[in-house]
Amino acid sequence: MAATRASIICYYDLISPYTYMGFKLFNRFRKQWTNVDVTFRPMLLGGVMNEIKNQPLFAFPSKKSHMIADLDRISGVTGVPFKFPQKFPVNTVLPMRVLTALQIHEADKYEQCIDKDEYFIHGRDISQADVIQQALSPVFHSDTSKVQSYLQRAAQDQEIKKIFKQYTDEAIAKGVFGAPTFIVRKAGSEEDLLFFGSDRIEMIAATLGLPYAGLTSVSKL
Ligand SMILES: N[C@@H](CCC(=O)N[C@@H](CS)C(=O)NCC(=O)O)C(=O)O
């Protein structure tokens, strides 16, 4: 059934530097966006790419070096701090499963847990449990046992594994091939509109009739 409010589902994977940038930019514009429901949905980008036979940018030296220069430029223009990690890529199955569990069980803290600079500013290997533990600890007021319980669930809980796989399959079914991908629905519509990339936010705003102050103003929003 068509919803009365517009909606945006952002499919993301922490491995993706454009997702990091997109998350920061999107959230700044979003402060001005009311009447739209926003969901950040975890997926495994490597799983999507394998399934549809796409290849990551880093598989091509010219694309990889352009990506690094491009992100640096976006950072300069928008004021969003960004640093490409020395170790790239890393395996994001564990942190993405942790985020899957948090989305379900800690809805009010979930987005704070995505909004972390561990990988793209500090260059820490987010495939490691101790790095995830340190990153999430402040969100849970240093309640280390709570974070540990989510790490355990992510590693062992079949239900969490199943849901994460379902999200990834759902992304593929919706035509996702990369990250970040925004699946947008206008209010009253049942049509999914797919927007690919952190550079599509202006188009999303125009499609939904939302205010968009421009990239260079983003740091002031
Ligand atoms: N122009 C897009 C590029 C996004 C992008 O290239 N994302 C990578 C992951 S970091 C990807 O999924 N690429 C898949 C593809 O290009 O087919 C942006 O500014 O965000």
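Start by selecting Pro89, which you'll find in the loop between α3 and α4. (Helices are DSSP runs of H or I with at least four residues, strands are runs of E with at least two, and both are numbered from the N terminus.) Show Phe88 as well: a cis peptide bond joins Phe88 and Pro89, with omega about -5°.

A word on what you're looking at: this is a predicted model, where local features need pLDDT of at least 70, side-chain atom pairs count only at pLDDT 80 or more, and totals for chains, interfaces and linings use all residues. Residues are numbered from 1 along each chain as its sequence is written, and side-chain values use heavy atoms, with hydrogens and water left out.

Next, pick Ala179 and Pro180. A cis peptide bond joins this pair too, with omega about 0°. Pro180 lies in the loop between α8 and β3 (181–185). Then jump to Lys53, in the loop between α2 and α3. Lys53 isn't a glycine, yet its phi is positive, about 65°. For background, most residues other than glycine have a negative phi, and most peptide bonds are trans.

**The ligand**

Which residues are closest? Asn54, Gly178, Ala179, Ser198 and Asp199 are, out of 13 residues that surround the ligand (a residue counts as near if one of its heavy atoms lies within 4 Å). By class, this shell has 7 nonpolar, 5 polar and 1 charged residues. (Nonpolar covers Ala, Val, Leu, Ile, Met, Phe, Trp, Tyr, Cys and Pro; charged covers Asp, Glu, Lys and Arg; the others, Gly among them, count as polar.)

Zoom in on the polar contacts, meaning pairs of N or O atoms within 3.5 Å; within protein, one must be able to donate a hydrogen and the other to accept it, and residues adjacent in sequence count only if both atoms are side-chain atoms.

- Ala179: a polar backbone atom is 2.8 Å from a nitrogen atom of the ligand.
- Ser198: a polar backbone atom is 2.6 Å from an oxygen atom of the ligand.
- Asp199: a polar side-chain atom is 2.9 Å from a nitrogen atom of the ligand.

Taken alone, the ligand exposes 500 Å², and the protein buries 83% of that (areas come from the Shrake-Rupley method with a 1.4 Å probe; for residues, only the protein chains shown count as cover).

**The pockets**

The space it takes is the largest pocket (a molecule sits in a pocket or cavity if more than half of its atoms lie within 2 Å of its grid points). The search runs on a 1 Å grid over the protein atoms alone: a cavity is a set of points where a 1.4 Å probe fits but cannot get out, a pocket is an open set with protein on both sides within 12 Å along at least five of seven lines, and lining residues have an atom within 4 Å of a point.

This pocket has a volume of about 630 Å³ (grid points are joined across faces, edges and corners, and a volume is the space filled by probe spheres set on the points). It is lined by 33 residues, with Leu45, Met49, Pro56, Leu57 and Ala179 nearest its centre. Colour α1 (17–30), α2 (45–52) and α3 (61–78): these elements give two or more residues to the lining. The largest share, 4 residues, comes from α3.

Move on to the second largest pocket, with about 160 Å³ of space. Its lining includes Glu51, Arg97, Lys161 and Phe164. Which element gives the most to this lining? That is α8, with 6 residues. The lining divides into 4 nonpolar, 2 polar and 5 charged residues.
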